[in-house]
Amino acid sequence: MKPKFRAQGFYYSQNACSAAARSLIRTQRRHASTSTEPSPSSSFGQRRWLRLTLITLTATGVGLYVRWSQDSLSSPTTLSPTRFTQYELVSRESISSTGSLFTLKPPKSDGSHNLEVYKDAWETGVWSVMFKQPQLQIGRDYTPLPPVSSDQDADECLRFFIRKDPFGEVSRYLHSIKIGTPIEVRGPRIECQIPPETQTILFIAGGTGIAPALQAGHTLLRRTDENNRPRIHILWATRQREDCRGGYSDHTTTASNEAGWLWPSQLFNRSKHRAAAPAESKIDVGTSIVVKDLEALKAQYPGQVTVEYFVDEESTFIGKRSILDFTNSAVSSDEQHKRNMILVSGPEGFISYMAGPKQWAQGMELQGPLQGLIKELNLHEWTVWKL
């Protein structure tokens with residue numbers, strides 16, 4: 001007699017096989033049906049894949065738009081104080097063995113408003129823009145020269161008088177690049193406001209500090225009308241005659257050769273020779289471009305612009321008498337409510353000698369206390385500003 005569990009096991013196996021067979025049939029039917037009608041799980045997978053595709057395409061589109069927007073912002077067509085604009089170097093003309101006149105043109109676009117930016121800056125006072133040296137990612141401020149005639153009012157180009165400094169990374173870069181090279185420019189930055197009530201400016205300039213002097217004259221004298229004839233007197237000190245070639249002083253002071261500021265390179269090499277200047281001012285073929293700009297300003301505003309030249313190699317220096325000869329005459333002829341200004345621009349050593357050094361505090365450059373030659377003169381009627 002066979003054990004019952006064997007029989008039970010047999011019957012169990014038979015039932016299991018029947019169940020497996022039925023399961024196999026159902027599985028075959030399911031696989032056969034997928035070709036004609038999607039199951040719930042398969043439909044969910046397709047919808048998920050579609051959503052992922054749409055999200056990917058949307059993210060790609062947004063990324064391309066952001067990149068396009070950034071490119072547009074990084075290459076504006078209008079000069080801005082908050083971002084760099086790519087100008088183009090269109091000319092570089094030698095003024096002397098150490099300095100050149102640079103002309104930069106902004107990108108052309110119907111949406112640019114550079115003339116409006118320039119106009120606001122010219123009406124405010126002395127202003128500058130920053131040039132970027134792309135390799136070192138450093139910047140340097142330079143002062144644009146004003147237009148020499150009203151015909152250039154519609155010209156968006158900017159001109160700069162830049163000296164090649166052997167230790168200046170930006171100036172060396174600018175003198176080494178080719179014509180047509182793009183230059184990143186940011187600005188304007190107002191260096192000094194010239195109040196509307198200003199009537200007289202004495203501008204003491206050293207070297208390329210003549211560019212802010214031309215700016216100040218341009219801003220001040222444009223306010224001329226029948227009832228207002230402001231004037232500016234410029235004292236310009238240079239190392240060599242070639243920097244101001246063709247320029248002759250409007251007034252010869254008795255102290256033009258008195259002790260004064262010496263350029264560092266000339267401290268131990270002072271020439272005793274002093275070249276004689278003609279009695280009348282004139283322009284010859286070799287006249288410096290900057291002197292031509294000064295003469296053009298004088299011609300545009302007769303009797304309102306006077307210039308004195310001081311050349312180190314000719315042993316002529318700006319001293320106390322040079323300053324007092326003008327300030328005394330200005331104070332005696334001006335009404336008390338009129339405002340007089342003395343502006344000083346040039347190398348740091350030049351500014352320190354004339355009016356004391358500027359100071360840095362909390363990451364900002366400040367005027368600092370009045371010191372130097374001007375303080376010794378006690379010119380209480382004059383507002384002094386260091387550029």
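Predicted model: local features only at pLDDT ≥ 70, side-chain atom pairs only at ≥ 80, totals over all residues.
Visitor: Which two numbers describe a pair of packed helices?

Guide: Two packed helices are described by the angle between their axes and the distance between the axes. In this model, take helix α5 (residues 210-221) and helix α6 (residues 289-300): their axes come within 11 Å and cross at roughly 15 degrees.

Visitor: Are α5 and α6 roughly parallel or roughly antiparallel?

Guide: Angles under 35 degrees count as roughly parallel, and α5 and α6 are therefore roughly parallel to each other. Their crossing is left-handed.

Visitor: Which residues of α5 and α6 meet?

Guide: From α5 come I210, L214, G217 and L221, and they meet V290, D293, L294 and L297 of α6. Of the residues in this contact, six are nonpolar, one is polar and one is charged.

Visitor: Now the sheets. In what order do the strands of the parallel sheet stand?

Guide: The order is β10-β9-β8-β11-β14, five strands in an open sheet with parallel pairing. At the edges stand β10 (305-311) and β14 (382-386), each with a single partner strand, so one side of each has no neighbour in the sheet. On average, neighbouring strands here are turned by 15 degrees against each other, direction ignored.

Visitor: Over how many bridges do β11 and β14 pair?

Guide: Strand β11 (residues 339-345) pairs with β14 over five bridges, in the parallel sense. As a place to look, N340 stands opposite W382 in β14.

Visitor: Which strands of this sheet does α5 touch?

Guide: Helix α5 packs on the sheet and touches β8 (198-206), β9 (231-238), β10 and β11; the direction of α5 makes about 175 degrees with that of β9. Helix α8 (residues 348-355) also packs on this sheet, where its contacts are with β8, β9, β11 and β14, and its direction makes about 140 degrees with that of β11.

Visitor: And the other sheet: how many strands form it, and is the pairing parallel or antiparallel?

Guide: Seven strands form this open sheet, and the pairing is antiparallel; the order reads β4-β3-β7-β1-β2-β6-β5. Its edge strands, β4 (138-142) and β5 (144-145), each pair on one side only.

Visitor: Which residue of β7 stands opposite S128?

Guide: That residue is R189. Strand β3 (residues 125-133) and strand β7 (residues 182-193) pair over six bridges in the antiparallel sense.

Terms used:
Residues numbered from 1 in each chain as written. Heavy atoms only, no water. Axes fitted to C-alpha atoms, helices over the stretch in contact; angles between N-to-C directions. Helix = DSSP H or I, 4+ residues; strand = E, 2+ residues; numbered from the N terminus. Parallel < 35°, antiparallel > 145°, perpendicular 65-115°, else oblique. Left-handed = near helix turned anticlockwise from the far one by under 90°. Contact = heavy atoms within 4.5 Å. Nonpolar A, V, L, I, M, F, W, Y, C, P; charged D, E, K, R; others polar. Pairing = 2+ DSSP bridges.
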